[in-house]
Amino acid sequence: MSANEDLSYAFTLSRQCLRFLGVWPDPYVPLSEFRRPNLRYIFVVCIISFYMFIPQITNTFRVWGNMTLMVEQVASANFSLMAFCKLVVTRYHGETLRTLMTSFKTDWMTSKRNWERNTMLKVARSGRNISFSCYISLICTTIFYISFNLLKLYRNISQSERKLVYQFDYPYDMQKTTYYVITYLVQISAGTYAAMINSTVDTFVSMLLLHVCAQLINLRTALNNLVEKLAEKSICSAKYKEDISATVLRHESLIRNAKAIDNCYSTVLLVHMTAATFQLCFQSFQVYMRITDKNPDSSTVKMAFLMFYVILLLIHLYAYCYSAEKLLTESTAVAYGVYECKWYDIPSRDAKDLMFIVYRSMISLRLTAGKFSTFSIEMFGTTVKTSMGYLSMLMAINN
C-alpha cells in the first residue's frame, strides 16, 4: 500500500467522521484553506448547544428535588458537555493536530523496511479493533436511542401537551405540529451528534497514541540492530555515530509528538474523566431503578438503550486507558532496549552515546487528565470502582 492508503487504513473511521463534523486535521489541505471557518463545525456546535446542552441544564434546575429525574438530566448534560468540549478542543488545536498528521504521513512514507511497516500495521490493526468496538457500541446505542424517542414522538403527537426530548421554552409556538416535529427531530439529531463526537474523538486520540507507540517499537529495534552491526564490525565508528545521532533526534521528535497530544487533550480529558465517573454512576442508577421497577418508565427499548449506553462509556474509557498504558510501556521499554542490546561488545566511547537515549527514556511518556492523573489500566479499574461507590451512595439516598 502507498503512504496515503496506509494513513487512511489506520484512521479510516475517525477520519470520515471528523471530516463529517468539520474538524479533520487534513495534512493534504493547504494551511490557508484549513484555517477558514467550517460551516459544518459551526452547525454541529449550535445544534448541540441550543437543542441539547442548554435544555438539559435548564431541566436539571426544574426537577430539583426529584432524585430520579435529576440523575437523568445531569447524566444527559454530562454527555453533551463532553462532546461539546472535545469538538471545540479538536478544532482549536487543529493546526497542531494537522502538524502531527503530517508527521505521521511522513512516517508511513519513510518506512521502507518490511519489519517497520509490519510493526506499524500490527499496532494500527489493534487500534482499528478498538475503533470498531467503539463504533459498534455507538451504533447499537444510537439505534435504541432513536427508536425510544421516535416511540415517544408517536405517542406525544396526539397529546394536547406535547413534550420534547429535552424540554425547553423555544421562542416559537411548540403546539404547532410542524414546529414540534422539526424541533423534536433536531433534538434527536443533537443527541446522535453528541454520541458520534465522543466516539470519534476518543478513537482518534487513541490512534494518535498508538502510532507513537509503533514508532517507539521501531526505534528500539533499529537501535538494537545498529549496536549489533557495530559489535560485528559491519559498520565503522563514524557511520555508527551518524546513525546514533539520527536515532537520538528521532527519539526527541517522538517525545515532542506524544507531549503535543497530551497538551492538546489533557484539559478536556480532565472533564472527560470527571464526567465519565459520574456518568457511569448515573446510568447504572437508572438501570437499577428500572430493574427494581421503581421508575414508571420501564420500557424495554429504554432499558436496552441504557445498557448499551453503559457499555459505550466503558469501551471509550478503556480505549484511552489501553492506548495510554501502551505508550507508557513502550516509552520506558526504549531504555530497557538499550540495556538489552550488545553495548558491552562495542568500544566504551561509542557505548556512552547510548546514554542520551537512556536519559530521555527515564521519564515515561503519558496521557494525563489535566496533568493531575495518568491514564492507565489501573486508572480504568479505579474509575469504575469510584463510580460504583457513588452508585451505592445514590441508592442509599434514594431509599
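Ile 397 sits in helix α13. This is a predicted model. Ile 397 belongs to a nonpolar patch on the surface. Two pairs of packed helices follow: α7 with α10, and α2 with α8.

**The surface patch**

- Four residues form the nonpolar patch: Phe 278, Tyr 390, Met 393 and Ile 397.
- Together they have about 370 Å² of accessible area.
- Which helix gives the most to the nonpolar patch? Helix α13 does, with three residues.
- Helix α13 covers residues 377-398.

**How a helix pair is described**

- Two packed helices are described by two values: the angle between their axes and the distance between the axes.

**Helices α7 and α10**

- Helix α7 spans residues 114-156, and helix α10 spans residues 300-340.
- The two pack at an angle of about 160°. Their axes are 9 Å apart.
- How are α7 and α10 oriented to each other? Angles over 145 degrees count as roughly antiparallel, so α7 and α10 are roughly antiparallel to each other.
- The crossing of α7 past α10 is left-handed.
- The contact of α7 with α10 has 18 nonpolar residues, six polar ones and two charged ones.

**Helices α2 and α8**

- Helix α2 runs over residues 12-21, and helix α8 over residues 177-231.
- Their packing angle is about 130°, and their axes lie 9 Å apart.
- Because of this angle, α2 and α8 are oblique to each other.
- α2 and α8 make a left-handed crossing.

Methods. Residues numbered from 1 in each chain as written. Predicted model: local features only at pLDDT ≥ 70, side-chain atom pairs only at ≥ 80, totals over all residues. Heavy atoms only, no water. Patch = residues over 30% accessible without salt bridge, like charges linked within 9 Å, V, L, I, M, F, W, Y side chains within 5 Å. Areas by Shrake-Rupley, 256 points an atom, 1.4 Å probe, with all protein chains shown as cover. Salt bridge = Lys/Arg side-chain N within 4 Å of Asp/Glu carboxyl O. Helix = DSSP H or I, 4+ residues; strand = E, 2+ residues; numbered from the N terminus. Axes fitted to C-alpha atoms, helices over the stretch in contact; angles between N-to-C directions. Parallel < 35°, antiparallel > 145°, perpendicular 65-115°, else oblique. Left-handed = near helix turned anticlockwise from the far one by under 90°. Nonpolar A, V, L, I, M, F, W, Y, C, P; charged D, E, K, R; others polar.
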